[in-house]
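Subject: Structure handover

Hi,

Here is the structure I promised to pass on. Please open it next to this email and find each residue as you read.

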Amino acid sequence: MSKSYNIDVLDPLRFMARMEERQKRIEEAPAKEISSEYAVNKLAYALHPQKQFVRIQKVMERDADCKSFVLVPDAEKGTETLAYFSAGQYLTVFLDIEGMKLTRAYSISSSPKEALEGRYMLTVKYVQDGLASRYILDNWKEGDSVEVSAPEGFFEYNSLRDAETVVGVAGGSGITPFLSMAQAICDGDEEFNLILLYGSREAEHILFKEEFDSIMAKTDKVKVIHVLSHEEREGYEHGFVTADLIRKYAPETPYSVFLCGPQQMYTFVDKELEKLSLEKKYIRHELFGEMHNPKAQEDYPGGAPDTIRITVTVRDETRTVTGPANDSVLQILEKNGIRVPSRCRSGECGWCHSRLISGKVYIPKEIDGRRMADLKYGYIHPCAAFGLSDLEIEVPAAK
Ligand code: FES
């Protein structure tokens with residue numbers, strides 16, 4: 001509908017006179033930041049902080065290569081409360097290891113309810129050749145202060161998209177987001193049913209057995225089946241998570257399947273899922289994780305030199321660094337002390353989004369999370385890109 005205006009009110013001279021008055025008021029207004037005064041802005045910042053500073057309250061040793069860390073707000077550094085999250089989300093941890101600026105994403109293994117009480121729990125397991133996990137396991141101790149992101153990620157239950165029953169498939173430390181989900185169900189914060197098939201090598205490698213047993217004693221909405229690949233034991237399944245095993249415990253469709261574990265597990269289970277003919281929207285993967293050996297990918301084109309040179313511009317500073325072609329572009333930059341904004345390290349979140357000015361890269365399709373506009377204007381995600389030649393790129397400055 002078109003608007004009608006009263007022509008007398010639109011007197012340009014009166015309007016100009018008001019402008020003068022308005023300008024005077026602006027100049028006389030106190031020079032203070034307005035945004036922090038608004039309750040709505042305070043709430044938005046509390047829910048979605050750029051960063052959070054937390055103190056390690058407690059360290060729990062799970063096995064020789066795995067520890068849980070209870071994190072509480074570090075008020076001395078300005079974090080009074082912790083941001084809420086959805087069960088399944090992760091925190092990015094910011095690390096400075098001998099001049100290398102690294103980030104790593106770890107799923108939150110505590111319940112969302114505990115965040116409201118001022119606690120997160122992260123569980124870190126050593127991964128082979130894992131610089132960051134080794135550093136954390138060897139160095140983090142009670143009382144230390146740590147910088148983390150707000151909770152991030154999309155590996156969460158959504159009743160509009162997901163079925164009422166979720167079949168969780170976890171491998172190794174991929175169990176952590178499912179512990180958070182199971183606790184949220186137990187607390188009444190989530191309403192779906194969780195049938196969890198948890199693969200471990202042997203019974204002694206199972207993480208959080210007591211915690212899951214205690215949850216199952218309180219609710220029948222959570223059921224955990226342990227699948228041991230290297231041990232036969234009564235009361236446990238033996239082998240790997242196959243389509244038949246899923247049918248055995250979840251005979252009725254529809255259900256969603258959530259996967260979290262190592263890359264090899266995704267490759268194996270994805271093939272099994274094809275036999276179940278599930279709708280695509282019902283299959284969800286947690287981050288694929290950082291890729292370490294792109295040359296092992298079937299479609300790797302080859303032809304890359306062993307070492308590549310990257311000329312990188314951050315704001316108005318340009319540097320040239322080198323690194324092995326087996327490392328992602330992000331890893332090479334970080335190992336040379338250049339901090340690039342990053343979160344998921346799996347091509348999903350877009351935080352590291354950078355412009356490729358020249359050169360060729362290989363981007364494995366499983367972790368290619370670029371949007372149409374990225375493709376059109378030559379943007380890449382350095383965490384998911386491997387140089388096939390020397391490169392020239394422009395990256396955003398880390399905050
Ligand atoms: S860090 Fe998430 S896309 Fe690169």
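Below are the notes on what was found.

This is a predicted model, in which local features need pLDDT of at least 70 and side-chain atom pairs count only at pLDDT 80 or more, while totals for chains, interfaces and linings use all residues. Residues are numbered from 1 along each chain as its sequence is written, and side-chain values use heavy atoms, with hydrogens and water left out.

Start with helix α5, residues 176-186. Helices (H or I, at least four residues) and strands (E, at least two) are DSSP runs, numbered from the N terminus. How much of α5 is covered? Of its 11 residues, 10 are buried. Buried means under 20% relative accessible area, exposed means over 50%, and partly exposed is in between (1.4 Å probe, protein chains only). Among the buried residues of α5 are F178, S180, M181 and Q183. C186 is partly exposed, because its relative accessibility is 26%. After α5 comes G188, with a positive phi near 85°.

Now look at S111. It sits in the loop between β4 (100-107) and α3 (112-116). S111 counts as buried because its relative accessibility is 3%. Which residues does S111 touch? Leaving out residues up to four places away in sequence, they are F85, S180, Q183 and D187. Touching here means contact, with heavy atoms within 4.5 Å. Two of these, S180 and Q183, are among the buried residues of α5. With D187, the side chain of S111 also makes a polar contact, side chain to side chain, at 3.5 Å. A polar contact is a pair of N or O atoms within 3.5 Å; within protein, one must be able to donate a hydrogen and the other to accept it, and residues adjacent in sequence count only if both atoms are side-chain atoms.

First, some background. Most residues other than glycine have a negative phi, and most peptide bonds are trans.

E98 has a positive phi, near 45°, and is not a glycine. It lies in the loop between β3 and β4. Is E98 buried or exposed? It counts as exposed, because its relative accessibility is 79%.

F208 is not a glycine either, yet its phi is positive, about 60°. Find it in the loop between β8 (193-200) and α6 (209-218). F208 counts as buried because its relative accessibility is 3%.

Where is the cis peptide bond from T253 to P254? Its omega is near 5°, and P254 is in the loop between α7 (243-249) and β11 (256-260).

**Salt bridges**

Side chains of opposite charge can pair when their charged atoms come close. A salt bridge is a side-chain nitrogen of Lys or Arg within 4 Å of a carboxyl oxygen of Asp or Glu. How many salt bridges does the structure hold? There are 26.

One of them joins the side chains of D65 and R134, at 3.6 Å from N to O. This pair links distant parts of the chain, 69 residues apart: D65 is in the loop between β1 (52-63) and β2, and R134 is in helix α4 (residues 131-139). D65, R134 and D138 are linked in a network of salt bridges. D65 is partly exposed at 29% relative accessibility, and R134 is partly exposed at 28%.

Another salt bridge is between D390 and R309, with the closest N and O atoms 3.7 Å apart. D390 lies in the loop between β18 (386-387) and β19 (391-395) and R309 lies in strand β13 (residues 307-314), so the pair ties together parts that are 81 residues apart in sequence.

R370 and D368 also form a salt bridge, their closest N and O atoms being 2.9 Å apart.

**Surface patch and cysteines**

On the surface, L43, L47, Y84 and L116 form a nonpolar patch, with about 410 Å² of accessible area together. Accessible areas come from the Shrake-Rupley method with a 1.4 Å probe; for residues, only the protein chains shown count as cover. Patches are made of residues with over 30% relative accessible area and no salt bridge: nonpolar side chains (Val, Leu, Ile, Met, Phe, Trp, Tyr) are joined within 5 Å, and like charges within 9 Å. Y84 lies in the loop between β2 (66-73) and β3 (90-97).

A disulfide is a pair of cysteine sulfur atoms within 2.5 Å. By this rule, the count is zero.

Best wishes
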